[in-house]
Amino acid sequence: MKKKLFRLLTVMAIVFSLVLAGCAPSKSNQSTEKDVKRETDELVLSIKGEPDTGFDPTTGWGRYGSPLFQSTLLKRDDNLNIVNDLATSYEVTKDGKVWTVVLREDVQFSDGKLLTADDVIFTFETALNNGSVVDLNVLDKVEAVNAHTVKFTLKEAQSTFINSLVVTGIVPKHAYGKGYAENPIGSGPYQLVQWDKGQQLIVKVNPKYYDQKPFFQKITFLFLSEDATIAAAQAGKVDVAAIPASFSKQQVPGMRLEALQSVDNRGIVFPYVKSGAVTKDGLPIGNDVTADSAIRHAINIAVDRQALIDGVLEGHGSKAYTSVDSLPWWNPETVFEDADMNGAKTLLHDSGWKDTDDDGILEKGSLKAEFSLYYPAEDTIRQSLSIAVADMIKPLGINIKVEGASWDTIEQKMFSNAVLMGWGSHDPHEMYDVYSSRYTGVDYYNTGFYKNEKVDEYFEKALAATDSTEAIEYWKKAQWDGTTGLSAIGDAPWAWLVNIDHLYLVKNGLDIGKQGIQPHGHGWPITNNIEDWKWAE
Amino acid sequence: MMPTLTLLNKKQRALIVTILAIVFLMIVIVIGVVLDKESISTNLKHRNASPTFEHPFGTDWLGRDMFSRTFMGISLSIGVGLIGAFGSTLIATILGVISATMGKTADRIVSWLIDLFLSVPHLVTLILIAFTFGGGFKGIVIGIALTHWPSLARIIRAEVMQIRSAEFVQISRKMGKSSWWIATKHIFPHILPQILVGFMLLFPHAILHEAAVTFLGLGLSPHEPAIGIILSESMKYLSAGMWWLAFFPGLCLLFIVRTFDMLGENIRILMDINIDHK
C-alpha cells in the first residue's frame, strides 16, 4: 500500500514536471527566421472577423473595417470624418428627406464592367428587401437621376442615414446571384482568391481599383482561436495578431503591442422602471431596487473605473461615461468624479436607504438593496467586470448577485434584471437605439425601458437635422443639457464602466497607419485603412 | 520488537485508515463551509500572485484567494457527490430489489434499463440530463443521480437473487414468515454492506463527473467556486506560467477522490465477514 502510494507520487511528480517544462516559454534559437526582415508584399493576419453569412454587403458584410472586395459611397477617414469614396459629392434637401449622391465615373468592378447608378440602386433595394442587420427601414425609394447620380428618398428626415452610405458596399447588379456571398465581385481594393471556411481567407490586389493602390499584393487572413493566434504570433507566423488583455504582458520577439483606443464599451444597464408590467411575451419588466435613482447614481459614482481598467484589462482601456465616449457627438460634460465611496454613501443615506437590520445590506422600507446582475457566461471580461463591480459596491450596502448565463437565458431576464452589456458604434443612431423610448424592449436595445421625454425630443431634433454639426449639438444635449439627460449625471439608466482598448501584436516595421477610435468588435475594424498599410522605411 | 503495523490485524488497520480518511474529509468539508464568500472576493491589487503564506495556493487573475476557491470548490463537489451518490444508490437498491423479487417481466425490464445505461458513456448521458434539467447545481445532481446506478443495481440484483434462494430463507418461508419479514430480517441485512460499499465507491465517480461537467462549462455559473471551473480557467493561464492555478486544485481533487476510494475499500474490508481478525 505504502509502496504503491509512493510509486504513484513519483509518477505524478514526473508527469507534472514534464507538463510544466512544456509550458515554459522556450527561448531557443527559433528567432533566426524571425529576425530576417520580410521584404515581401504579402501579409498574414490573425484578427478574427470571419463573417457567418459570407461577403455580401446587403446582408451585413463590411459594416466595420474594410469591406475588402467592395467599396462604399462614402467612408470615414482616420479621424472619423466622412469623406467621399465612390461619391464625388452629395446633397440633402432642406426637409432632410431627399439625398442626392453623385458618383465617380471611372469606377470599374474587378471584372471590368463600369459601376453605375443602377448598381447602387440594386444594392440598396436588395439590402432593403433582405431585411437583415442592415437597417434601411427609413428608406422609401432609390432612383437614378442619370447614369452616375442617385436619389434616395426617405420616409422621414434622418440625419444618421448618412451612415448607411458609409457602411454599405456596392455590389454589381450583373454579377449578383445566389453564390455571391462566397464569391464576391466588387470595386474594392482587393479581390478574393480563396476562402476556406473556418480556416483562412486569401485575397490579392484588385488591379482595377480606382483609388490609391494598396502596398500589399496578397493578404492571408487566418481564422484562429485565441490560443492558436498567440502560438502563431510567438512562432513568428503572423504579421498582425489580435490578442486578449491577459496576454498583453508577454513579450513576443519581433512584434510590438498596439493598444488602440476604442468606444468598445462595457456597462451595466439597469431596469429603469418599477416592476409590475410584462412584455408581449409575458416577460417581467422592471425592478424596484434599480428603479430608485439613488441606487443607480450611487453605483455610478462609487465604481472605481481605473481599478477595473488596471485589474481586469491590464491597464489597456479607458473610463467610460457614456456609450459614445470620445466620438464627435460625445458631450464631455458627462465626465464626473468616480471612486467616490463617501459621496455614494451620503447619496444613499439622504434618499432614505438605511441598514435597519444590521446585515450589511441597506433597506428602504421593506425593500432590500439587492438585485441580480447577469453576464454572458462565455465572456471572461464581462464575468470579471461583473464580479469586480459587485465586490466594489458591496461596502456601500448594495448586494449585487452575479449570475452567469447564456444569451438565451439573459433574453428572458434582461428586462427585469441588470445586465452587463456592451455597445460602441461609429453611428450616432446607436445612441438613439439604446436610449430612445421607441426602442424599449426591442432586441437588445433599450432593455431597461428608459424613457425621458426631453431626451426623446432631442433625439427627434438630431435626426431631423440636415446638417451634421446641428445634429451633433442635439446628440450632445440628449446626453446632458444642463438639467437632464441620458448620461450618468442625468438619469443614469446605465452605469458605464470601461472602454476596452483593442490589442494587437504588430510585426516590427509594419506601419498600420493612423487608427481612429475603434468600434465594438475586436479584430476586423483594424482593416479600415488597410490600403495605407506598408513596411516602414 | 515488532513494527507497530504488524501488531494490528487487517481489520484494525482498515479501521484506522477509515477513521483517518473520515477525519481528513471532515476537515476539508469544515474548511469549505467555514470560509465565507468574503474570502473569495476580488482584490484587484493582489492579482496573479504566486503562492505565499498569506495565499498558500496563490491568487487568480482577479486576486481571489485560490486556497479558499479550491476548498469551497471541493466541498461543493463533495456535496454534489453526496447527494448524487445517495440518489444513485437509492435508485440502484430499489431497481435491484424489484428485478430480483417481482418476477420475470420486471427483471427483464430492469436488466434492459441497466444495459441501456451501461451502453452509453456516463458523461454523455450526464450532460444530456443535466442540460434537460436546465443546468446548474440541480441539473448536475439529478444528472449524477440518474446515471451512476446501473452497475450497483446489477450487483444488488444478483445478491438478492442469491439470498432469496438460500436455504435459510426457504425454510423461513416454509415456516410461514411473511415476505416483509423475510425482506427486512433476512435479505436487507445481507445486502446492506454491498449498498454501503457501493455508495462509497460511487462517490469518487460522482465527484470526478461533477468536475468534468463543470469543466466543460455545462454546470454552474463560471464565477462559482467549482473545481472543474477552476481547472478549465487555469488552462488559459498556463501559457503565462501561472502553474499554481491548476496544480493545487488538481492535486486536491486527486487526493479527495483517492481518499474516497480508500474509504470505500476499507469499509468493504471492515464489513466483509470472510476476513477475520487474524
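These legends go with close-up views of the predicted model shown above.

Residues are numbered from 1 along each chain as its sequence is written, and chains are lettered from A in the order in which they are written. Local features need pLDDT of at least 70 and side-chain atom pairs count only at pLDDT 80 or more, while totals for chains, interfaces and linings use all residues; side-chain values use heavy atoms, without hydrogens or water.

**View 1. Confidence along chain A.** The mean pLDDT (the predictor's confidence in each residue, from 0 to 100) of chain A is 88, and 92% of the residues reach at least 70. Strand β20 (residues 494-500) of chain A has the highest mean, 96, and helix α2 (residues 31-35) of chain A the lowest, 43. Helices (H or I, at least four residues) and strands (E, at least two) are DSSP runs, numbered from the N terminus.

**View 2. Residues 18-37 of chain A.** Here the pLDDT is below 50, and the stretch has 11 contacts (heavy atoms within 4.5 Å) beyond near neighbours in sequence.

**View 3. Where chain A meets chain B.** Chain A gives 26 residues to the contact and chain B gives 24 residues. Together they bury about 2000 Å², 61% of it on carbon and sulfur atoms; this is the accessible area (1.4 Å probe) lost on being put together, summed over both.

**View 4. The salt bridge across the interface.** The rule finds 1 salt bridge between chain A and chain B: B:Arg47 and A:Glu314 pair through their side chains at 3.2 Å, N to O. The rule asks for a side-chain nitrogen of Lys or Arg within 4 Å of a carboxyl oxygen of Asp or Glu.

Note on methods:
Buried area is the accessible area (1.4 Å probe) that two parts lose on being put together, summed over both.
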